[in-house]
Amino acid sequence: MEGILIGLLLALVALLGAPLFAIIGAVTLIAFSFAQTDSSIAIVELYRITSQSVLIAIPLFTFAGYILAESQTPKRLVNLSRALLGWMPGGLAVVVLVSCAVFTAFTGASGVTIVALGGLLYPVLIQEKYPESFSLGLVTTSGSLGLLFPPSLPLILYAMVASLISAQSGSLSIVSVNQLFIAGVLPGILLVAALSLYSIRKGIAAKVPRIPFSWSNVWSAVRAAAWELPLPFVIIGGIYGGFFTATEAAAITAFYVFIVEVFIYRDLSLMRDVPRVMRDSMLLVGAIIVIIGSALGLTNYLIIEEVPQKLFQFIQAYISSKAVFLILLNVFLLLVGMMMDIFSAIIVVVPLIIPIARNFGVDPIHLGIIFLANLEIGYLTPPVGLNLFISSFRFQKSIARVTLATLPYIGILLIVLLIITYVPDLSLLLTRLFRVM
Amino acid sequence: MKLLRRVDRAIATAETALLVFLLSIMILLDFTQVILRNFFSSGIIWADTFLRQMVLWVAFFGASLAVQERKHINIDVLTRFMPERSKRVSRLATDFFAALVCFAFFKASITFVTSEMVQRTTIFLDIPTWYFQLIIPVGYGMLCFRFLVKVIDDMLELKRGVIPQETVP
């Protein structure tokens, strides 16, 4: 009785907008006091994050992403993709999809993509006579596209949380971020490709004027982006080829991006901009790490109380097939993605899901890709998906209008989600092929 | 009141300066480490451990500053649709709640660090582990302080009835 009352009260405080780390922290402390465990154990668990070698990748990639977002990179990226892809029917729409996906991979999913790139591209779409509803849906959808591509922060976070959970439950299996970085590539390409096909069809139907391909445009766009262009290839190639780990890639990326944007392009001033960008990026890192910190005490408690096993037994009483479990998992995750931001969703939900999914025979790497694909769509799910709000705010359109414009895209994404869910090889093939550890 | 605000601002400046300093070191040190490891097959033995401790430091400074700018992650499904006045009342309640939780964590982390001090564990180069762990109580203490400042802000705002500007999500 007491427990239920406290639970309801905490749920209310959470819905009123209390910081999630405080809610989770409160749950942890209350659970500990019921179990008569000293609260300092929660800090012991928090301090465990320093045992994770991938931890350093979080601030470094976040910093690199913020630097790229604050410089002129988005412009150069758009120019390059226009020169390369703009000639196709519906070319500009494909440009939006590809450049947003690349941008989101580096900045992590948040409103940044819609505000920075969408704001840049939406007026151009309208100017080039793409239908308004189509364009609005396109920029809204593209806001979270690219989560599955390295070096996206959600991929790193999933790997880290999954490994911490394994360590707490005494299991040796590690979800390596290197594997996850590679696992996301094919599913991510499939998402972009499916949306591109749809856009090309729409482009043809709307009789959008086409721009002829020009080598000189490509050449000047490549030259302009010459310093940034190698980055994705270095990261992916370096990890594929086993030259360095994802964590080392973070060190290289952060240093390289800093040098290039500040000293070569001079987009950012060392004294005026860099300290501000460092501070802004570390606000996000701090916000994420305090959530992980307070959640680790709770997951430790849940593991000791065997909650995941109990949940599994409960679910197993109703569902016995893996196929049905996966469908329900998708529905559940879409709801989570709609309600929560991606970082706390990973930290809060992954510890519960991983043991259950493993009992149903779902590979943790594959699970990670399913998880993130769902959250990507959750951003768009009406009525409260975050991208709908950001887009409505940024483009001054009603939520209803944005939602309506986004529906066809959600349909396509859901079809691809089913493929990702039921074809594990799409995620796992490359990790086996390249034998990445 | 003025004094409180001045203290708040002074702490924020110090935090930002430390944060920038530490992050710069982290970027340089980690890059050096990768170069040493891959091209010279050597490396600084303590660098990786040190770097991970530094992440915790930078994260707590960031988290503390995030309170000031209301950048902490929360569920805003409900508050998004609330009228301005009830929004501020709920903000007052949730800020107070957060301050309480941070205080509890502050106390727990003091117990944690004290026990590490007694055990005399070292991390590398004979440096006591608790030197690095000190950031946990310091961090939660700063978070608690920041949320209390916010509580006072919220109360003043409610009393004056000033409508703060809508911020971009």
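Biologist: Buried area is the accessible area, taken with a 1.4 Å probe, that two parts lose on being put together, summed over both; how much do chain A and chain B bury between them?

Modeller: This is a predicted model, in which local features need pLDDT of at least 70 and side-chain atom pairs count only at pLDDT 80 or more, while totals for chains, interfaces and linings use all residues. Residues are numbered from 1 along each chain as its sequence is written, chains are lettered from A and ligands numbered from 1 in the order in which they are written, and side-chain values use heavy atoms, with hydrogens and water left out. Of the area buried between the two chains, 79% lies on carbon and sulfur atoms, and the total is about 5,400 Å².

Biologist: In chain A, which helix has the highest confidence?

Modeller: The pLDDT, the predictor's confidence in each residue from 0 to 100, averages 86 over chain A, with 98% of the residues at 70 or above. Helices are DSSP runs (H or I, at least four residues) numbered from the N terminus. Confidence in chain A is lowest in helix α13 (residues 230-240), at a mean of 82, whereas the highest, at 93, belongs to helix α21 (residues 399-422) of chain A.

Biologist: Which residues meet in a salt bridge with an N to O distance of 2.7 Å?

Modeller: A salt bridge requires a side-chain nitrogen of Lys or Arg within 4 Å of a carboxyl oxygen of Asp or Glu, and two are counted between chain A and chain B. In one with an N to O distance of 2.7 Å, the partners are Arg279(A) and Glu69(B).

Biologist: Which helix gives the most to the side of chain A that touches chain B?

Modeller: With contact taken as heavy atoms within 4.5 Å, the interface draws 63 residues from chain A and 59 residues from chain B. The salt bridges between the chains number two. Helices that each supply at least two residues of the side of chain A that touches chain B include α1 (2-15), α14 (246-264) and α15 (274-304). The one that gives the most, with 13 residues, is α15(A).

Biologist: Is Thr381(A) buried or exposed?

Modeller: Thr381(A) lies in the loop between α19 (364-378) and α20 of chain A. Leaving aside neighbours within four places in sequence, Thr381(A) is in contact with Leu334(A), Met338(A), Leu388(A) and Ile410(A). Because buried means under 20% relative accessible area and exposed over 50%, with partly exposed in between (1.4 Å probe, protein chains only), Thr381(A), at 17% relative accessibility, counts as buried.
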